Amino acid sequence: MLAVDGPSGAGKSTFAARVVAGLRSRGCRTELVSTDAFATWDDPVSWWPRLVDGVLRPLSDGVPGAYRAMDWTTGVPRPGELVVVNVADVLVLEGVSSGRTSVRPLLSHLCWLSGGSEAERLARAVARDGEAARAELGRWQRFERGWFAVDGTPGAADTRLS
């Protein structure tokens, strides 16, 4: 299991997609789960038990897992489609808090992407999510700054990329 963690706008999704594509091109059965499918503005990290119960525990038992991805199409997050996660050779967890302390004993590798300055990351996140999300993204950045400091994610990473 590989975790690709770092702050919003750092390039985690792009990097993880490239890793998954590279592994699959070599015939490696690879699944990708993004924390974006679980997190909301008001619940940035406490959703974790849904990931453990729906995905990590079933996969560790050798059976497929599943979760309901957050649907943001109305602008208000609500449970959306059911996503099945097949048993794979490599599971890539991508997103803010994917390398949290509680999962580290299960990880084969933790990759941290810093993605430049907070201002640069905010600009990329706004370009991705739209100007209407700027205030929430700023609030999110303040949250994740504290989260990473307390969780110690950057210092625990096996690989750090900028």
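In which hand does helix H3 pass helix H4? The legends below refer to a predicted model, in which H3 passes H4 in a right-handed crossing.

**View 1. Packing of helices H3 and H4.** Two packed helices are described by the angle between their axes and the distance between the axes. Helix H3 spans residues 118–129 and helix H4 spans residues 134–151; the two pack at an angle of about 135°, and their axes are 10 Å apart. This angle makes H3 oblique to H4, and the crossing is right-handed. On the H3 side the contact is made by Glu 118, Arg 121, Leu 122, Ala 125, Val 126, Arg 128 and Asp 129, and on the H4 side by Arg 134, Leu 137, Gly 138, Gln 141 and Arg 145. Sorted by class, the residues in the contact of H3 with H4 comprise six charged, four nonpolar and two polar.

**View 2. The edge-to-face pair of Trp 41 and Trp 72.** Eight aromatic pairs are found in a search of the whole structure. In the pair shown here, the ring centres of Trp 41 and Trp 72 lie 5.9 Å apart and the ring planes stand at 75°; since an angle over 60 degrees counts as edge-to-face, the pair falls in that class. The two residues are 31 residues apart, and their pairing links distant parts of the chain. Trp 41 belongs to the loop between strand S2 (30–34) and helix H2 (48–60), whereas Trp 72 belongs to the loop between strand S3 (65–71) and strand S4 (78–85). With a relative accessibility of 24%, Trp 41 counts as partly exposed. Trp 72, at 31% relative accessibility, likewise counts as partly exposed.

**View 3. The stacked pair of Phe 143 and Trp 147 in helix H4.** The rings of Phe 143 and Trp 147 are 6.3 Å apart, centre to centre, with 25° between their planes, and the pair is stacked. Phe 143 and Trp 147 are separated by about one helical turn, because they are four residues apart in helix H4. Phe 143 has a relative accessible area of 29% and is partly exposed. Trp 147 has a relative accessible area of 18% and is therefore buried, the limit being under 20%. Ring pairs join Phe 143 and Trp 147 with Trp 41, Trp 72 and Trp 140 in a cluster.

**View 4. Buried residues of helix H2 and the residue Gly 62.** The buried residues in H2 are Trp 48, Leu 51, Gly 54, Val 55, Leu 56, Pro 58 and Leu 59. Their cover includes strands S2, S3 and S4, together with strand S5 (90–94). Just after H2, Gly 62 adopts a positive phi of about 85°.

**View 5. Ser 97 in the loop between S5 and strand S6 (109–113).** Although Ser 97 is not a glycine, this residue has a positive phi of about 85°. The relative accessible area of Ser 97 is 0%, so the residue is buried.

**View 6. Asp 42 in the loop between S2 and H2.** Asp 42 has a relative accessibility of 70% and counts as exposed. A distance of 9.8 Å separates the C-alpha atoms of Asp 42 and Pro 77, which are 35 residues apart along the chain.

Note on methods: Residues are numbered from 1 along each chain as its sequence is written. This is a predicted model: local features need pLDDT of at least 70, side-chain atom pairs count only at pLDDT 80 or more; totals for chains, interfaces and linings use all residues. Side-chain values use heavy atoms; hydrogens and water are left out. Axes are lines fitted to C-alpha atoms, for helices over the stretch in contact, and angles run from 0 to 180 degrees between N-to-C directions. Angles under 35 degrees count as roughly parallel, over 145 as roughly antiparallel, 65 to 115 as roughly perpendicular and the rest as oblique. A crossing is left-handed if the near helix is turned anticlockwise from the far one by less than a right angle, and right-handed if clockwise. Contact means heavy atoms within 4.5 Å. Ala, Val, Leu, Ile, Met, Phe, Trp, Tyr, Cys and Pro count as nonpolar, Asp, Glu, Lys and Arg as charged, and the others, Gly among them, as polar. Rings of Phe, Tyr and Trp (its six-membered ring) pair if their centres lie within 6.5 Å; planes under 30 degrees apart count as stacked, over 60 as edge-to-face and the rest as tilted. Buried means under 20% relative accessible area, exposed over 50%, partly exposed in between (1.4 Å probe, protein chains only).
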